[in-house]
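Try each task before you read on.

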Amino acid sequence: MELLSGASEVDPDYQQDKLYKQQGNEALESMTILMNSNDGWVLKKSRDDINCYCFEGQSRNIWKSEMVLPVSAEKLWKILYHEIHRSCEWNSTVTFQEVIHNVDNSTDITYTVSTSFGIISARDFVCVRRWLFTNGIYYSANVSTTHESRPPQSDKVRGENGPCGYVVIPIDSENAKFVWLLDTLIKGWVPQSIVDQTMPSTVISANENLRTYITSTARKT
């Protein structure tokens, strides 16, 4: 009896989504371990109750910021995760961000275009994003991947993200702690040392912009 064509073949889309989920799980685990570690983090800049720390890695530095925001954890999570397409309204380092593929209920693929600043031209990033809600805490991790709908573009340098993301921790019904981990290699010809010099101020400013956005949104609701 002749088998139906393709019946013995594995669905390539299924295999790709399986890989995305594996990448997401590994990023979530790596991000959580590094974020919770007390070793190796050095405070680089502090302003208006926002702290920026640096972890010196072998190939590049990893950055972490912490601050408390006057918003519930649920609302902050909605702004950061579900309204990713509006991130450019508060994150001055981003000009465009969207979800380009849904893998499952907790995993998707995002595409981000960064702003140009100084001698650093625009970068774009394709990442797998994985989230988890456990013990009242929200986790979102991402790491660079590839997707057929967003190949590298000639007018942009394709950046690379190591395991990074953020955590939203409820303090009470009206306040939440926001912890942000950044592990970015912008690539191109710009020396990483120059990037490292600007990162503390860039990270602090992005946090300040988010706080301003949260405050202004609260006034409208």
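**Exercise 1. Cysteines**

Is Cys164 buried or exposed, and what is its relative accessible area?

Solution. Start with the ground rules. This is a predicted model, in which local features need pLDDT of at least 70 and side-chain atom pairs count only at pLDDT 80 or more, while totals for chains, interfaces and linings use all residues. Residues are numbered from 1 along each chain as its sequence is written, and side-chain values use heavy atoms, with hydrogens and water left out.

Step 1. Buried means under 20% relative accessible area, exposed over 50%, and partly exposed in between (1.4 Å probe, protein chains only).
Step 2. Cys164 has a relative accessible area of 5%, so this residue is buried.

Next, find how many disulfides the structure holds.

Step 1. A disulfide is a pair of cysteine sulfur atoms within 2.5 Å.
Step 2. The count is zero.
Step 3. Cys164 is in no disulfide, and the nearest cysteine sulfur, that of Cys127, is 6.5 Å away.
Step 4. For Cys52, the closest cysteine sulfur is in Cys54, at 7.6 Å, which is too far for a bond.
Step 5. Cys52 is buried too, with a relative accessible area of 0%.

**Exercise 2. Helix H1**

Compare the span of helix H1 with the expected value, then list its buried residues.

Solution. Step 1. Helices (H or I, at least four residues) and strands (E, at least two) are DSSP runs, numbered from the N terminus.
Step 1. H1 covers residues 12-36, which makes 25 residues.
Step 2. The expected span is 1.5 Å times one less than the number of residues.
Step 3. From first C-alpha to last, H1 reaches 36 Å, close to the 36 Å expected.
Step 4. The buried residues of H1 are Asp17, Tyr20, Gly24, Ala27, Leu28, Met31, Leu34 and Met35.
Step 5. An α-helix has 3.6 residues a turn, so residues three or four places apart point the same way.
Step 6. At the start of H1, a side-chain oxygen of Asp11 comes to within 3.0 Å of the backbone nitrogen of Asp13.

**Exercise 3. The largest pocket and the largest cavity**

Find which element gives the most to the lining of each.

Solution. Step 1. Work on a 1 Å grid over the protein atoms alone: a cavity is a set of points where a 1.4 Å probe fits but cannot get out, a pocket is an open set with protein on both sides within 12 Å along at least five of seven lines, and lining residues have an atom within 4 Å of a point.
Step 1. The largest pocket holds about 200 Å³ of space.
Step 2. Its lining includes Asp17 and Tyr20, along with His101 and Glu148. H1 gives the most, with five residues.
Step 3. The largest cavity holds about 840 Å³. Of its 40 lining residues, Asn91, Thr93, Val94, Trp180 and Leu182 lie nearest the centre.
Step 4. Helix H3 supplies the largest share of that lining, seven residues.

**Exercise 4. A loop with positive phi**

Which loop holds Asp48 and Asp49?

Solution. Step 1. Asp48 is in the loop between strand E1 (41-47) and strand E2 (50-56). Asp49 is found in the loop between E1 and E2.
Step 1. Asp48 is not a glycine, yet its phi is positive, about 50°.
Step 2. Phi of Asp49 is also positive, near 65°.
Step 3. Asp49 counts as exposed, at 69% relative accessibility.

Terms used
Polar contact = N/O pair within 3.5 Å; in protein donor to acceptor, adjacent residues only side chain to side chain. Points joined across faces, edges and corners; volume = space filled by probe spheres on them.
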